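Subject: Structure handover

Hello,

Here is the structure for you to look at. My notes on it follow below.

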Amino acid sequence: MAEGKVVEFLEEGIGKATYKVVIPYKAVPTKGINCLNCHQAKEGEVLGAISLTMDVTPVRNVSLVLLIVLGFIFLLGMIGAGVILKKFFQPYVKLMEQIKYAAQRAKNGDFTYRVATELEDEAKDLADNMNRTFEYLDRMLMEIEEKVRAMEDVNFLGS
């Protein structure tokens, strides 16, 4: 108080929260009131202080309840978003797994696997194009195999 500065602090316990503020009252002329007329003090000298104490327990309790409720709503929102995202991306993941499986079989020369999807966008176009390509490759390999066998039969008969 001797320094003439406002002092404020919060005392908080488990059951109660109290906000205290001490405001010094200085001898200075303000808005037509001149403290120096009635008080024998020097200008700027602290004449006293106004001390306020407020119980902020209800505000703290409401804030805590609000924080818990908002945290719960946020958690539910995140879970809901996760479920929606999983439901949205699951057909794409399934498609990618099928493409990976088809590519592994194709690497070993088996082009008979066909990719199936319920999607109706570019992913379906990709699956359809891959199926057409594999079908074409499978047909071409069969034709080549038939021609090679025919040539082997001709060579076998000619020997």
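Leu52 sits in strand β3; strands (E, at least two residues) and helices (H or I, at least four) are DSSP runs numbered from the N terminus. This is a predicted model, where local features need pLDDT of at least 70, side-chain atom pairs count only at pLDDT 80 or more, and totals for chains, interfaces and linings use all residues. Residues are numbered from 1 along each chain as its sequence is written, and side-chain values use heavy atoms, with hydrogens and water left out.

Surface patch. Leu52 is partly exposed, at 40% relative accessible area (buried is under 20%, exposed over 50%, partly exposed in between; 1.4 Å probe, protein chains only). Leu52 belongs to a nonpolar surface patch with Val6, Ile23, Tyr25, Leu47 and Ile50. Together they have about 490 Å² of accessible area (Shrake-Rupley, 1.4 Å probe, only the protein chains shown counting as cover). Patch residues have over 30% relative accessible area and no salt bridge; nonpolar side chains (Val, Leu, Ile, Met, Phe, Trp, Tyr) are joined within 5 Å, like charges within 9 Å. A salt bridge is a Lys or Arg side-chain nitrogen within 4 Å of an Asp or Glu carboxyl oxygen. β3 gives the largest share of the patch, three residues.

Strands. β1 (residues 7–12) pairs with β2 in the antiparallel sense over six bridges; pairing needs at least two DSSP bridges. Val7 stands opposite Val22 in β2. A hairpin of four residues joins β1 to β2. β2 and β3 also run antiparallel, joined by nine bridges. There, Lys20 stands opposite Thr53 in β3.

Helix α2. Gln98 lies in this helix (residues 57–107). Gln98 is buried, at 12% relative accessible area. Leaving out residues up to four places away in sequence, Gln98 touches Tyr113, Arg114, Val115 and Ala116 (contact: heavy atoms within 4.5 Å).

Aromatic pairs. Rings of Phe, Tyr and Trp (its six-membered ring) pair if their centres lie within 6.5 Å; planes under 30 degrees apart are stacked, over 60 edge-to-face, the rest tilted. The count is four pairs. Phe88 and Tyr92 make a tilted one: 5.7 Å centre to centre, 45 degrees between planes. Both lie in α2, four residues apart, about one turn of the helix. Phe88 is partly exposed at 47%, and Tyr92 is partly exposed at 22%. Tyr101 and Tyr113 have ring centres 4.8 Å apart and planes at 80 degrees, so this pair is edge-to-face. Ring pairs also link Phe88, Phe89 and Tyr92 into a cluster.

Best wishes
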